Amino acid sequence: MGARVGAMLLLSAALLVAPAPAQEANFDCANATAEQEMNRCAGLDYEAADRELNKVWSVAIGSMRGLDAGQPEGAAGAAEALLAAQRAWLTFRDHQSLAEGFEAHLGSLEPFIVSTCLGRVTRARTEELKALSRAY
């Protein structure tokens, strides 16, 4: 099951981030109407969300390490807990997006649905990590 999920996500990602033909390289995502453009824009949106998540992750894990540093010996574990949560979240993100994609399974709309979900779920997780970082 895990290998299938990974292969499907890699295929979806490859379809979404494949270079656009030269004549489409400068399309406007805010006004995209063609399916290929919409798929590409959804992929670009997810990539941007993922870059932001990675920046915020660095701050959040740093906050947890700082919290651990202030604990008595043997009482630390905030960074470890956050790392475990993030790993679980990655599995959730991937499976949730694949599940939503089944609405159009094997259809040309599936990559758009999967990427849209990936972006939405990633932005939500970014906000959770921001809130966690501010708490400490």
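**Disulfide, helices and core**

Guide: A search of the whole structure finds one disulfide. This is a predicted model, in which local features need pLDDT of at least 70 and side-chain atom pairs count only at pLDDT 80 or more, while totals for chains, interfaces and linings use all residues. Residues are numbered from 1 along each chain as its sequence is written, and side-chain values use heavy atoms, with hydrogens and water left out.

Visitor: Why is the pair Cys29 and Cys41 called a disulfide?

Guide: The label requires a pair of cysteine sulfur atoms within 2.5 Å. The sulfur atoms of Cys29 and Cys41 are 2.0 Å apart, so the pair meets the definition. The two cysteines are twelve residues apart, Cys29 in the loop between helix H1 (2-17) and helix H2 (35-69), and Cys41 in helix H2. Helices here are DSSP runs (H or I, at least four residues), numbered from the N terminus.

Visitor: What makes this disulfide left-handed?

Guide: The torsion about the S-S bond of Cys29 and Cys41 is about -85°, so the disulfide is left-handed.

Visitor: How do you know what span to expect for helix H3?

Guide: The expected span is 1.5 Å times one less than the number of residues. Helix H3 (residues 78-101) has 24 residues, and its 34 Å from first C-alpha to last is close to the 34 Å expected. Its buried residues include Leu82, Trp89 and Leu98.

Visitor: What makes a set of residues a nonpolar core?

Guide: The members are buried Ala, Val, Leu, Ile, Met, Phe, Trp, Tyr and Cys residues joined through side-chain atoms within 4.5 Å. The largest such core has 13 residues, and Trp57, Ile61, Met64, Leu82 and Leu129 have the most contacts inside it. H2 gives the largest share, six residues.

Visitor: Which elements have the lowest and the highest mean pLDDT?

Guide: On pLDDT, the predictor's confidence in each residue from 0 to 100, H1 has the lowest mean (50) and H3 the highest (98). Over residues 10-24 pLDDT stays under 50. Where pLDDT is low, the predicted coordinates should not be read in detail.

Note on methods: Buried means under 20% relative accessible area, exposed over 50%, partly exposed in between (1.4 Å probe, protein chains only). Contact means heavy atoms within 4.5 Å.
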